[in-house]
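Please keep the sequence and the model in view while reading.

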Amino acid sequence: MDSNQGSLKSDLVVYVVILALACVQVFLLKGHLFAMLSVAVVQAILAVFFFMHLGSEKPTLRLALIPGTLFVLVMMNMIWADSFRLMTMKPFAK
Amino acid sequence: MSEADLSMGHGAGMMEARPFSIPSKKLVMWLFIISDACTFGAMLFAYGYIKNAAPDWPRPFESASILNALFMTLILVTSSLTVLMAVRAAKEGNKSKAIQMTFVTIVLGLAFAGLHLKEWFGLIGEGVRLFQNPWGAPLFGASFFAITGLHLAHVVSGAIALLVVVLGYKRGRYNSDDLEIWSLYWHFVDLVWMFVVPMVYLMNVKA
């Protein structure tokens, strides 16, 4: 596992980038949900690949973990249709 | 080969190779992390569903709360960096630095928890309860406390786990691999916070 550790310099760069993205979320994108979530996804990818070193693990491990998780999270988006439908039903119907 | 030989590790050469070339306990941590990611995902989707369907969703957070959340982000991301430094030091055999940096991580985690509780007590002082609040949709309190509470529980349990592992590492019971495996969990807690901040705090800023 030793070869997976990367360098302190690269860790510091990722650390600064993640914090900078957090500042972008707060000061520039506040209130814009999709833009903020896109930034959060970039932060998460950086954390998973550089802090958690998934990028330097075997591709089979990435294949075993990532697609299944993404599939579950994407399928959860099916709730939105019902969520919007509620707005047009009683007691909120206009 | 007898069962006793296998249990004592004498049959290591004949046993199946490690899946994905990582220790089984590391694989278990990864599996836990993806299941926990789905749990948090479900919580955040449920939160979005309720928020979207409520016409009078409250927006109680002022700039002080947002700066507090940003400061909490700084603390948590810094703790991720310190745990990385701890793992690196452990891999290099620098035990004292590994222990020191792990304790810094734990202290940062506890500072994060303290700021979180400060935020909670501020909202409770303003009248937010699980199923009522002074501003609008009654489920705001339940969803806010459920999501941030689950995250807070992860931070506190992560700090306790790191404490147990680092004390074991100090005594020689655990090694650098154990420290690395628990650092994965710590990074995951950090990662979840990156989604909690925009959804729970930044979307509910007072106009």
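**A guided reading of the two chains**

A:His53 counts as buried because it has 20 C-beta neighbours inside 10 Å; a residue is buried if 20 or more other C-beta atoms, placed from the backbone, lie within 10 Å of its own, exposed if 12 or fewer, and partly exposed in between. The model is a predicted one, in which local features need pLDDT of at least 70 and side-chain atom pairs count only at pLDDT 80 or more, while totals for chains, interfaces and linings use all residues. Residues are numbered from 1 along each chain as its sequence is written, and chains are lettered from A and ligands numbered from 1 in the order in which they are written.

A:His53 is located in the loop between α2 (33-51) and α3 (59-75) of chain A. Although A:His53 is not a glycine, its phi is positive, at about 60°. Chain A as a whole has 4 helices and 0 strands, where helices (H or I, at least four residues) and strands (E, at least two) are DSSP runs numbered from the N terminus. Along the sequence the pattern of chain A is α-α-α-α. Of its 94 residues, 18% count as buried.

B:Ser21 belongs to the loop between α1 (3-7) and α2 of chain B. With 12 C-beta neighbours inside 10 Å, B:Ser21 counts as exposed.

α3(B) has 29 residues and spans 42 Å from its first C-alpha to its last, close to the expected 42 Å at 1.5 Å a residue; the expected span is 1.5 Å times one less than the number of residues. After α3(B) comes B:Gly93, with a positive phi near 85°. α5(B), with 33 residues, reaches 48 Å between its first and last C-alpha, close to the 48 Å expected at 1.5 Å a residue. B:Gly172 follows α5(B), and its phi is positive, near 95°.

How do α5(B) and α6(B) pack against each other? Helix α5 (residues 139-171) and helix α6 (residues 176-201) of chain B meet at an angle of about 160°, with axes 10 Å apart; axes are lines fitted to C-alpha atoms, for helices over the stretch in contact, and angles run from 0 to 180 degrees between N-to-C directions. α5(B) and α6(B) are therefore roughly antiparallel, the word for angles over 145 degrees. The residues making the contact include B:Phe144, B:His151 and B:Tyr169 of α5(B), and B:Trp182, B:Trp186 and B:Trp193 of α6(B); two residues are in contact if their C-beta atoms, placed from the backbone, lie within 7 Å. By class, this contact has 16 nonpolar, 4 polar and 1 charged residues. Ala, Val, Leu, Ile, Met, Phe, Trp, Tyr, Cys and Pro count as nonpolar, Asp, Glu, Lys and Arg as charged, and the others, Gly among them, as polar.

Between the chains, 38 residues of chain B are in contact with 39 residues of chain A. α2 (24-53), α3 (63-91) and α6 of chain B each contribute at least two residues to the side touching chain A, and α3(B) gives the largest share, 11 residues. That side of chain B comprises 27 nonpolar, 6 polar and 5 charged residues.

B:Phe195 lies in helix α6 of chain B and, with 21 C-beta neighbours inside 10 Å, counts as buried. Leaving aside residues up to four places away in sequence, B:Phe195 touches A:Ala40 and B:Leu44. The C-alpha atoms of B:Phe195 and B:Phe40 are separated by 9.4 Å, although these residues are 155 residues apart along the chain.

Methods. Angles under 35 degrees count as roughly parallel, over 145 as roughly antiparallel, 65 to 115 as roughly perpendicular and the rest as oblique.
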